[in-house]
Amino acid sequence: MDKVGIVGVGQTKYERKKVGETFFDMIYEVTVKALDDAGLTIDDIDNVITVSNDFWDGRTISSMAVQDACGSRHKDISTVEGDGVYGAFYGAMRVLSGSFGTTLVVAHNKCSQSRMNQITNAMFDPIYTRALGLDAITSSAMQARAYMDAFGITAEQFARVSVKNHKNAKNNPLAQIALDLTVEDVLKSRLLADPLRLLDASPITDGAAAVIWANEAAARKAKKAPVWMKGVGHMSDAYHLGDRDLARSPALVGAAGKAYAMAGIDDPLKQLDVAEIYDAFSYMELMWYEGLGFCPEGGGGKLMDAGVTQMGGDLPVNPSGGCLSANAVLVAGLARLIECVLQVRGEAAGRQVKDCSTALAHGINGPCGQSHCVMVMGK
Amino acid sequence: MTDWIEQTEDMVYKGRIKVPYTWWVGETGSHFFTTLRDEKKLLGTYCAKCDMVFIPPRKNCGRCFNQDLTWKEVADEGTLVTYTVPAYEADIHPIKPPFAYGIIKLDGADTGLTHIVTGFGDGQLKAGLRVKAVFKEDRDGHILDIRHFQPV
Amino acid sequence: MGKRVAIVGTGQTKASSGRKDVNGQEMINEAVMKALAEAELTRDDIDAVIIGNMDHFEGINYVDTWSVDGSGGFMKPIMKVTTGGTTGTTVAMAAYYHVASGLFDKVLAIGWEKNSESDTTGAIITAFEPIVDRPTFGGAVGGLAVMANRYMHDWGATQEDAARVAVRDRQHALNNPNAHLRIDINIDDVMKSPMISWPIKYLDMCPRTDAACAVIFASEDYAEKICPKPAWVLGTTNRHNFTFIGDPSFRTMITLEECAKALYPRIGITEPLKQFDVMELYLPSSFAGVQWIEALGLCKNGGGPELIASGATNMGGECPINPSGGVLSSNPIGATGLLRVAEGALQIMGRADKRQVPGAKTALSSGFGGCYWSDLMAFSAKKPN
């Protein structure tokens, strides 16, 4: 595979409600930030990929809202509707094709502008499932229950993820919710749908993010050494919740397998220095440890308890604070990727993982993490 | 000079998208719903290659793309695979709490059906609980013709 | 460097105003099965899937994950690309780039729409900016009508000039068993049809349709093994320049002109009318069919009526446009752009049956949507260098 790397990144502060800013404003902010970070101008950008969702934006052709803001006029442009890591992957493929030297990838969402349960209810099939009134919370709660029943994972183990990530967020000036919590705080927080409590869930967030991909030649113009894409994979499980074994994530195993094979990783716990994974809910982080091969199936709780994924552990997970601290849906995957870039560059002051040269970013799509995209980045 | 801007509230414009929808159920789905409506029976479709009975029914098998699935009746009773009780009210909920969502492996089916579960006592909801469908008196060919499932 | 990419198989459902016998997924599966059959491949052979439609036409969030039973995405890589009316073409582009990147060898592109499931115009209006544009926007017809109006003013073109395009495309559709509307009409019929939004009349305008289209792209390592005459992608580009309805000037179809100027030099085209054997263009109204060919450099600005009247763009002419019947005959919006790609490729593959342009070796497909946006993809029977 030819080399393609990220040379510029930008994010807004993640906030509950960016009342004074439109999608345009947020995308302009992160585009300028990413260009400044890369030491490039908009003319150095050969093509653009935008990431957005028509439901969240209340706008069919949601890409139209931000095109001017990301300087796409007179350039090739397309839009991935799905998590930011998928958009980033498409942006990288466009460089690998040889057609473009650089791709700007931007993602936005203002979750505050709509009603989360109506939007996520619309993921469900209109003929057989939607009328039941399921949303992201109730469907994920069923997955959490299945996971607990299958492997004896406990609510305390879920809570430990929330404690870790909210605390990690204290070192991330862009995170929305940074808190010093105890396991008891999580277990006492408001019940949403058993077994999930308020502090097990990611917040409603507004935000945007951008990355700039470059091939070797174009990267020479950039200020900083690129962080290269070493491996990537994506895969989707079945759709109907009842078709799946919700306690397991075979699609993640498949996606990670492809990414690892490309990146030459056969012992992820040893060979990865940091991982940013999509913890839309606390239990998901434990499930994804297993799918990513950080521990055997059913071992997610034990890995958490052993402290391996804490800052200072063998494989810190979500030093940024993860989705539990800020979840602008769709942007959040790109935020995971950006944190990986910052870590490998050594620019994650206050939360820097020592000697970080290989990082893993992960995003999900669809109900209960039906589809996964994994990207390994490195020096 | 710009101080007054700082003191001004941001303007917010409210709107909504109101697009009416009519989803074609298709012949396969129609057979499922008319059977549910007229006979209070639940049907799945069977893929011989994968040896699996799917409910909701499929026209083709998503795994092997077999186009020749056959109809198979499944029981209106089965085992609860997983569940949750929402602790909040939402206008998208079809009924008022208390109720649970559940995935039910009906006897004879290889996939679970997601639906509503009610009539359970404290601590009764567990994976493995046997539940049975309760049908509405007046049915129109809709998934909620099954009013809910309840413990046997 | 990237891989060379060709289309090796296509499938489309019979387009209709309402496919009540199937739900969206099942309709997608029909097109996918046809494409696999044509390419003599199975689901196992597919390395990745890309799917697109316009969300608010069917009201389903996360169509990629919803579709897996029908689209073939179960335990495979699948991603959703959506860019409004241009979706069909941008889905094709995404498939092209998946393969050209070298990371996937056989990729399935799917475009689909069940326009019968909702209020098409109601949903289209939501594409536009909610505070300033949306309250006054007249949907696709309104947007196209104002452009047509301006064109007639600038160049003295007449409604009859446009009617010729409608007659051409609808006559061509008689050769296409998949087309939604197959009606034998003449200019008089067009002129007498009810006015929708001046100057666009009923027979000047595209329908709304239920259909799905699937196209299989393969890398140079596989294309010739799979298909005797693969349709090699020469190049592709797009321009989605405008955001607000008042942004573009109507001097010409600006984004299409920009695409042509960007693409043609890259692929050695200097005389498109001569060098392309056939074109499948996304022309949503007959007036667009007169004006937008100028942007493609087929003739000078204002020369559209003359070129159309000459018969050069009819079957048997120098460069037939829309042998399939085009968008005026079928418009399943998320699939429409992909149908142009599929039909262009079918011409190269020699599989276009009654609508085959004999010996077609180069083809151009275009896409349209959004706020006067354009896309292009060009094909050749000859493997690019």
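Modeller: Helices (H or I, at least four residues) and strands (E, at least two) are DSSP runs, numbered from the N terminus, and the expected span of a helix is 1.5 Å times one less than its number of residues. This is a predicted model, in which local features need pLDDT of at least 70, side-chain atom pairs count only at pLDDT 80 or more, and totals for chains, interfaces and linings use all residues. Residues are numbered from 1 along each chain as its sequence is written, while chains are lettered from A and ligands numbered from 1 in the order in which they are written.

Colleague: What distance does helix 7 of chain C reach from its first C-alpha to its last?

Modeller: Helix 7 of chain C covers residues 139-155 and has 17 residues, for which 24 Å is expected at 1.5 Å a residue.

Colleague: Which residue just after helix 7 of chain C takes a positive phi?

Modeller: Just after it, a positive phi of about 70° is taken by Gly156(C).

Colleague: Which elements do the buried residues of helix 7 of chain C pack against?

Modeller: A residue is buried if 20 or more other C-beta atoms lie within 10 Å of its own, exposed if 12 or fewer, and partly exposed in between, with C-beta atoms placed from the backbone. The buried residues of this helix include Ala140(C), Leu144(C), Met147(C) and Tyr151(C). Their packing, judged by contact (C-beta atoms, placed from the backbone, within 7 Å), is against helix 6 (120-125), strand 5 (195-197), strand 6 (200-201) and helix 13 (286-295) of chain C.

Colleague: How many residues of strand 1 of chain B are buried?

Modeller: In a regular strand the side chains alternate between the two faces of the sheet. Leu42(B), Gly44(B) and Tyr46(B) point one way from strand 1, whereas Leu43(B), Thr45(B) and Cys47(B) point the other way, and all are buried. The strand (residues 42-47) is thus mostly covered, and the number of its buried residues is six of six.

Colleague: In strand 3 of chain B, which residue is the bridge partner of Gly44(B)?

Modeller: Two strands pair if DSSP finds at least two bridges between them. Five bridges join strand 1 to strand 3 (residues 70-74) of chain B, and these strands run antiparallel. In strand 3, the partner of Gly44(B) is Lys72(B).

Colleague: Which residue has a positive phi in the turn between strand 1 and strand 2 of chain B?

Modeller: Strand 1 and strand 2 (residues 52-54) of chain B run antiparallel and are joined by three bridges, with Val53(B) as the partner of Tyr46(B). The two strands form a hairpin with four residues between them, and the turn residue with a positive phi, about 50°, is Asp51(B).

Notes:
Two residues are in contact if their C-beta atoms, placed from the backbone, lie within 7 Å.
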